[in-house]
Amino acid sequence: MTATTTVEDVVGQPLGVYTRPRGGNGWRDWITTVDHKKIGILYGVAALFFFVVGGIEALLIRLQLATPNGTVLGADMYNQVFTMHGVTMIFLAAMPLSAAFANYLIPLQIGARDVALPRLNALSFWVFLAGGIVLNLSWVLGGAPDGGWFGYAPNTGIVFSPSPGMDFYALGLQMTGIASLVSSINLTVTILNMRAPGMTLFRMPVFTWMILVTQLLLVFAMPVIAVALFLLAFSRLFGARFFDPSVGGDALLWQHLFWIFGHPEVYILILPSFGIISEVIPTFSRKPIFGYPFMVFSGIAIGFMGWGVWAHHMFVSGIGPISVAAFSLSTMFIAVPTGVKILNWMATMWGGRIKFSAPMLFAVGVVSMFTIGGLSGVTHAISPADTQQTDTYYIVAHFHYVIFGGIIFGLFAGLYFWWPKVFGHQLSDLIGKVNFWVMLVGFNLTFGPMHVLGLQGMARRIDSYSPGFGFEFWNMVSTIGSFLIALSIAIFVVNVIRSAMKAKGQPPCGPDPWDARSLEWLTPNPTPVHDFDEIPVVESLDEFWHRKYGTDENGRVVRVASAEEVCQDGSAVGVHLPSPSFWPIVFAAGLPFIALGLIFNLWLTVPGGLLVVMAIYAWVFEPVDDPDAAHGDVSEVADTTEEAPVV
Amino acid sequence: MSEAAATDHATTTGMSHNKLAMWVFLGSECLLFGALISTYLVYRGRFATGPAPGDIFDIPFTSVSSFVLLMSSLTMVLALSAIKRGDLRNNRIWLLTTALLGSLFIGGQVYEFTTFFREGLGYTTSPFSSAFFTLTGFHGVHVSIGILMLMSMFISSLRGSLRKEHSETVEIIGLYWHFVDIVWIFIFSVIYLVPSPTS
């Protein structure tokens with residue numbers, strides 16, 4: 001943990017007003033770090049924390065709905081809880097957990113030592129965290145957002161939502177949006193610009209490809225939601241008339257802007273998960289991915305077509321028959337590249353010597369559960385059916401099969417798969433399997449019945465239902481299922497703690513626990529601070545696998561080298577790394593003052609604005625880190641064993 | 001802006017990280033202004049009881065200030081050309097000129113906003129007024145940030161810390177500046193040149 005900073009002493013006092021931090025031990029190192037691995041871990045910890053927060057909100061919703069005429073929350077609190085559940089899970093849990101994987105793995109998978117703009121990377125994380133804090137501060141500062149995560153006008157206006165909740169929504173999401181935008185620019189540049197020699201675009205792992213598509217979606221989707229949130233914030237704070245029907249304001253404008261962002265957002269959420277399982281399934285099937293170019297091009301196709309389907313969220317908004325027909329067709333078409341991916345995963349498994357370790361179980365969970373969600377999605381594409389389904393629990397069932405079945409399962413596959421890469425020890429596979437089966441059963445019990453409830457006509461977003469409609473049984477089943485999901489998360493936490501305790505004092509696990517395929521496994525576990533001892537030269541897709549295996553004279557695949565022979569040992573010293581910086585966190589610290597100032601008292605924006613301006617100027621005039629100063633001159637080996645922190 | 005200088009490694013595309021990042025950012029900005037322009041187009045006819053766009057726009061005045069802004073792109077190019085030659089004195093002159101032309105444009109915008117306000121077009125008057133002030137206001141903020149960056153470079157140059165080897169910084173900020181100008185061409189055409197509804 002200290003290797004990045006001890007050598008700062010060598011740097012001496014550079015020119016300029018500001019100096020780079022010298023770092024230190026413990027928490028100081030974490031708040032000034034620009035190391036993509038540490039930032040990845042920070043993203044992961046924060047995202048899992050918010051995942052638990054959003055999960056508790058989900059349990060409250062299920063408790064309220066367990067029986068007819070529920071009284072656990074009450075109507076007003078119910079609105080706040082279901083709004084914050086959606087906002088938290090999407091913006092504060094799923095997106096940052098994907099960002100955690102992207103940050104940690106992208107440089108390793110393309111053979112680089114960090115992202116292109118390391119300080120901006122730190123900025124992304126701290127601004128995201130500040131946004132998450134601002135959003136959740138609303139609970140104690142006058143009431144949480146209560147207009148749904150989709151925030152439909154004019155319900156979000158000051159008339160129908162007089163508490164400051166929707167102000168927190170508009171400003172907090174604006175902050176997480178800035179974080180996503182900065183991060184997406186950074187990762188796009190990293191992938192395009194920092195590939196190791198020989199790492200052509202079509203030798204990149206599928207995960208890297210899916211992250212690239214995701215980042216480009218973010219680059220173009222984030223400004224649209226930014227505009228929508230500005231319009232909302234200006235309407236509420238300064239009285240702008242964008243969504244006021246009495247003077248000609250149009251509620252549909254919000255819906256269009258929101259879903260032009262919102263539907264690409266669906267693919268922003270799902271593509272990283274697709275990338276993760278595209279790494280996991282070949283590894284555990286002992287086969288290369290089936291149809292690599294098709295996997296890549298279907299991902300790109302999803303990225304393009306994702307921009308042409310947004311109005312399928314608005315089939316009952318009165319957009320007219322031609323729009324409805326066009327968007328019905330485009331929505332059916334987008335199922336094609338997704339279907340290509342599902343067929344390719346199955347063809348990868350077909351005939352493979354499959355090993356059902358925990359990561360593989362979660363990955364197969366994605367393929368099966370996402371397919372159910374995809375199929376119910378196609379039923380929405382048929383607009384007459386959708387007219388029946390809109391605003392019922394059928395929709396809730398659909399998007400949870402996509403988001404939980406497709407994304408959360410995929411992210412857990414990634415957690416189990418890359419845990420040894422990050423922390424140097426594996427999670428217990430047995431507990432992992434229990435974790436998977438409890439989650440799978442709980443998930444299907446929770447969301448499967450919602451299909452039935454929806455088709456029976458139970459409306460979503462309503463805080464209670466009367467007895468006698470036949471809703472009682474399936475709602476109770478669903479609530480029981482939700483607590484099984486909570487149990488599975490508890491099992492995961494137990495697994496993390498138990499594995500960390502067992503690993504304490506033990507040497508790190510071997511370099512290649514899964515017989516993996518891609519470049520990140522070329523570095524030892526856990527990854528040393530400088531990533532690669534020397535930048536590898538890449539000759540093929542699945543480079544790491546090809547260094548381990550060759551063919552004999554009969555053309556049969558044989559092992560030619562052990563993982564220990566192939567992997568680098570992390571012993572390099574004198575590798576130059578970017579210096580840490582204070583200014584990303586200072587910049588991020590200014591934004592909550594500006595947000596709270598806009599809501600409560602404009603004077604608060606003054607210190608916030610000063611902090612931001614100071615951080616920008618200090619950042620720009622911060623001395624560049626000395627190219628002659630090398631990091632890791634101290635014993636690298638001793639440091640990396642300490643590097644595995646217990647989360 | 002200092003990372004490129006710090007890590008002097010060759011990049012895969014041959015373009016520096018900072019410059020590529022600016023291009024990607026400008027791609028993102030297209031959608032920001034695209035959404036704002038769309039909002040304006042939806043609302044240009046919805047002026048409620050307030051002034052209509054066709055009644056208050058002063059097209060000759062705004063044409064002159066648009067011309068001023070477009071000329072600043074020329075001076076920006078001259079500033080970059082100067083620093084690439086190592087001509088720091090002319091670099092300073094053209095940076096300052098660019099900033100002054102930008103400020104003149106902002107001054108025109110302030111004058112225009114004040115005039116409209118006196119004629120009864122407040123920010124909260126109608127969807128049209130809110131959309132108009134938001135779109136042009138966002139553009140004005142972009143120009144102002146550009147002016148701040150130009151002035152920061154000018155002061156750096158006076159202190160001797162903006163030299164020939166930093167010409168890429170000038171180029172990247174120039175990219176931003178040209179983008180803001182090009183967006184104005186779209187905004188000016190959409191708001192002023194397309195015939196506006198009258199009351």
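**Interface and cavities**

Modeller: Please note that this is a predicted model. Between chain A and chain B, 14 residue pairs are in polar contact, with both residues at pLDDT 80 or more.

Biologist: Which elements of chain A give two or more residues to the side that touches chain B?

Modeller: They are helix H6 (118–137), H7, H8, H9 and helix H20 (605–621) of chain A. H8(A) provides the largest share, ten residues.

Biologist: And how do the residues on that side of chain A divide into nonpolar, polar and charged?

Modeller: That side has 28 nonpolar, six polar and six charged residues.

Biologist: How many salt bridges are there across the interface of chain A and chain B?

Modeller: The rule finds one salt bridge there. Asp250(A) pairs with Arg46(B), and their closest N and O atoms are 3.6 Å apart.

Biologist: What area do chain A and chain B bury between them?

Modeller: About 3,400 Å², with 67% of it on carbon and sulfur atoms. The contact involves 40 residues from chain A and 40 residues from chain B.

Biologist: Changing topic, how many cavities of 30 Å³ or more are there?

Modeller: The count is eight cavities. The largest cavity holds about 250 Å³ of space.

Biologist: Which residues are closest to the centre of the largest cavity?

Modeller: Of its 22 lining residues, those are Met95(A), Pro96(A), Ala99(A), Ser180(A) and Leu218(A). Helices H5 (75–110), H7 (165–193), H8 (206–238) and H9 (251–285) of chain A each give two or more residues to the lining.

Biologist: What is the make-up of that lining?

Modeller: The lining of the largest cavity has 15 nonpolar residues, seven polar and no charged.

Terms used:
Residues numbered from 1 in each chain as written. Chains lettered and ligands numbered in written order. Predicted model: local features only at pLDDT ≥ 70, side-chain atom pairs only at ≥ 80, totals over all residues. Heavy atoms only, no water. 1 Å grid on protein atoms, 1.4 Å probe; cavity = no way out; pocket = protein on both sides within 12 Å on 5 of 7 lines; lining within 4 Å. Points joined across faces, edges and corners; volume = space filled by probe spheres on them. Helix = DSSP H or I, 4+ residues; strand = E, 2+ residues; numbered from the N terminus. Nonpolar A, V, L, I, M, F, W, Y, C, P; charged D, E, K, R; others polar. Contact = heavy atoms within 4.5 Å. Buried area = accessible area lost by both parts, 1.4 Å probe. Salt bridge = Lys/Arg side-chain N within 4 Å of Asp/Glu carboxyl O. Polar contact = N/O pair within 3.5 Å; in protein donor to acceptor, adjacent residues only side chain to side chain.
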